[in-house]
Amino acid sequence: MVNEKIVLSMDNITKTFGGVPAIENVCFQLEKGEVHALIGANGAGKSTLMKVMNGIYTGYTGEIILDGKKVEFHNPIDAQNAGIAMIHQELDLVPPMTVYSNIYLGREPVKNCRVDFKKMEKDAQKLLDELGFKVSSSAIVADLSPAQQQLVLIARCVALDARVIVMDEPTSSLSFNETEELFKIIKDLANKEKSIIYISHYLEEVFRVSDRITVLRNGKNVVTELTENCTVEKLVKWMVGDIESFNKKYIRENKFDEICIEAKNFTQLHGCVEDVSFALHKGEVLGIAGVVGTGRTELAKMIIGAEKKKSGTIYLNGKKLKLPNPAVAVKNSIAMVPEDRKLEGLITKRTIADNISVSSFGRHLKAGFIDYKLSNESVDKMINYMHVLCTGRDHIVTALSGGNQQKVIMGRWLNVKPKVLILDQPTRGVDVGAKAEIYELINQMAEEGTSILLITDEMEEMINLCDRLLIMRRGKIIDEFDNSGRVLTKAKLLEAMVG
Amino acid sequence: MQKLQFIKISKKNRAWTMVLVLIGMIVLSAIISPNFRTPRNLLNILNQNSIYGIMALGMGCIMLTGSIDLSAGSIACLAGVLAAPIFGKYGMAAGFAVGILLGFVLGLINGLLITKGRIAYFVVTLGMMQVARGIVYVITNGVPVQGIPTEFKIVGMGKIAGFFPVSALIWLVLAVVMALLLKYTRFGQYVYALGGNERAAWLSGVDKDLIKIMVYAIGGAFFALGGLVLTLRVLMATADACQSYEMTAIASCVIGGIAMDGGQGNILSSIIGALIMGLVMNMLQLMGISSYWQQIFTGAIIIAAVAVDSISSKK
């Protein structure tokens, strides 16, 4: 049963990280000349699947069959040579070089032992003209708009003679008109028998551009369906599943009559966040829901002064504050647990004690010097209180498991008891047991009056923990849900995020 | 998990391993050379290396934050040249005050350029190395500055109770002071935190710019002090003094186990590092090997020490 139309087929692909499967027995088939959308909630396994296909991740099980032959890629160059090209969200071009140099990077034509720039320029221009792209091949890439840079990347894929082109969130940096242009180009490419895998969080785009849709959920296949047979409701249902949460709902008795912190008109300097305002009450847990890349993390970082902003004012208990850097934010009792534990959270190389006490040495001074007896006492108290599994406070922090590392970072702030705590993906890469413990911690802190801003990809924890939810989309807050009864459904939440 | 614990142990053991190496080298030298065996010679080695050692204390602090200062030698030399006439005119205290203040200010400039100017530390300190050395030549025209009272030699060459070198005492006392400062002040712990993970420390509320500026300023003061001790040892300030002393200081720290990318190591272990460096040079001399070879050895030792460091932490 060989289907002539099938270009690429991925059969029963499983890829695990540290024993945890990121995708499990996923099958995916791509036909010649089709635009195939790959969708799923945050963390559903879309990028993992694409990275397996592209040779970035090796060590998977299952088969990849290209044109009826089994293939195995060890790196992206292998995949490229076989005709699979990927356009990443972060437009990987060499900005100071010309368009033609970028298109032929690594495959420059040579004449008399010298790079034949003339031929490169001419060929590149011809290619761009054929594709109908309004880009000069001798322009410098850095001078081009993001939309034009994307065209250069597409041209590069065509020049590579790629038959399969993967586009990961291609519209994230495009304006409305540019997006329309891109859709036309995608259709054109499909007509030229190229197969496109289109990854997007936004369903409207998927409906506009794709022929078929594959939905992933928690690393597994849900369905592959012709786009014309789909509706937003159906897709959302497939993306979240039928099962609503049975886990513990954290309902607190707090009354929200006192605004703790108010953020007004936050706009990012170079980025997507635009004119975001919100108020957070004392003891409230406010969730910010949105798909990856919608500006949640950037917003959080702007608030504590770790990201450049064009505008934005913070009022803490009605008093206007200037927070140029995190040190000032911490002084004003506003703290953040960052998304990337390794890069931004942990003070690697140092011990648990160092990591917990780094923000609270000021409380353990005696005549200006650190009193280690006091400091270590509070560290030990924190380790016991949070059940950090370790041999003691002098354990190197990177030797702990993900969940325990996260507890250590939470402990850093628990020790300080900030007025406002921003949690960015506090349970990412954390095992189930530690997750529940972290939820308890969050709940307790809120009960004791800390105002918490929660950013998470896990809709369930958002629904179970938050008193109120803000929906963020493309850098703006588009909706607000009251969740005081913890009865919001995942489907409703997801539809607001992607619908 | 066990793997990482192994690294931790090996890092901690590093200083002790080096103590054993040092003892081994002393025994070996004693066997090779009869002259070496006298206690006076051992104290001499302490004396000879005190200037490198003092500078290594400043360099060690800077290295703990994850950078280095290439201008150390030039700052030391400039401090000596500026302080020399003041020693003569206004006395010892004034000379030290001016010299150390100068080092502090130059370090401050380094720190400000690196943090507020957002220029890579390598570029800033390499530039400062040239600028400070250039100023030395402008001031002196290459002629040594003299006229320091002979009795000031007590700082550079003097012995307490007739046997313990004054300069070594300065070195060791300051080493203990620095070790305590790094352990028992917020500043010290932030130095380690910055070296451990600068971004995480910053997001945790550490004022990283301030800490870095302070570290460079303190470093500058130590470099200057090293230059001043040398000046009072030879009783003059020459324009080519302290050339490439930064290399020896860096080597001392690396050998002592201060990580090149910061965050780990004890400042006291730079003493062991400096003594090992000194012994190597001493042995080369005893074996009659030309002093030109010393440079080659210094460079090779730095590379070897860093290589050992990175290989052992990769495992």
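Reader: Why is Ile154(A) called buried?

Author: Ile154(A) has a relative accessible area of 0%, and buried means under 20% relative accessible area, exposed over 50% and partly exposed in between, with a 1.4 Å probe and protein chains only, so Ile154(A) counts as buried. This is a predicted model, in which local features need pLDDT of at least 70, side-chain atom pairs count only at pLDDT 80 or more, and totals for chains, interfaces and linings use all residues. Residues are numbered from 1 along each chain as its sequence is written, chains are lettered from A and ligands numbered from 1 in the order in which they are written, and side-chain values use heavy atoms, with hydrogens and water left out.

Reader: Which residues is Ile154(A) in contact with, leaving aside its neighbours within four places in sequence?

Author: With those neighbours left aside, the contacts of Ile154(A) are Ile87(A), Phe133(A), Met167(A), Leu182(A), Ile185(A) and Leu189(A), where contact means heavy atoms within 4.5 Å.

Reader: What makes Asn376(A) buried, when its relative accessible area is 18%?

Author: The limit for buried is under 20%, and Asn376(A), at 18%, therefore falls within the buried class. Leaving aside neighbours within four places in sequence, Asn376(A) is in contact with Ala353(A) and Arg393(A).

Reader: Why is Lys122(A) called exposed?

Author: Exposed means over 50%, and the relative accessible area of Lys122(A) is 62%, so Lys122(A) is classed as exposed. On the surface, Lys122(A) gathers with Lys111(A), Lys118(A) and Lys126(A) in a patch of positive charge.

Technical notes. Patches are made of residues with over 30% relative accessible area and no salt bridge: like charges are joined within 9 Å, nonpolar side chains (Val, Leu, Ile, Met, Phe, Trp, Tyr) within 5 Å. Accessible areas come from the Shrake-Rupley method with a 1.4 Å probe; for residues, only the protein chains shown count as cover. A salt bridge is a side-chain nitrogen of Lys or Arg within 4 Å of a carboxyl oxygen of Asp or Glu. Lys and Arg count as positive and Asp and Glu as negative; His and the chain ends are not counted. The place of a charge is taken as NZ of Lys, CZ of Arg, CG of Asp or CD of Glu.
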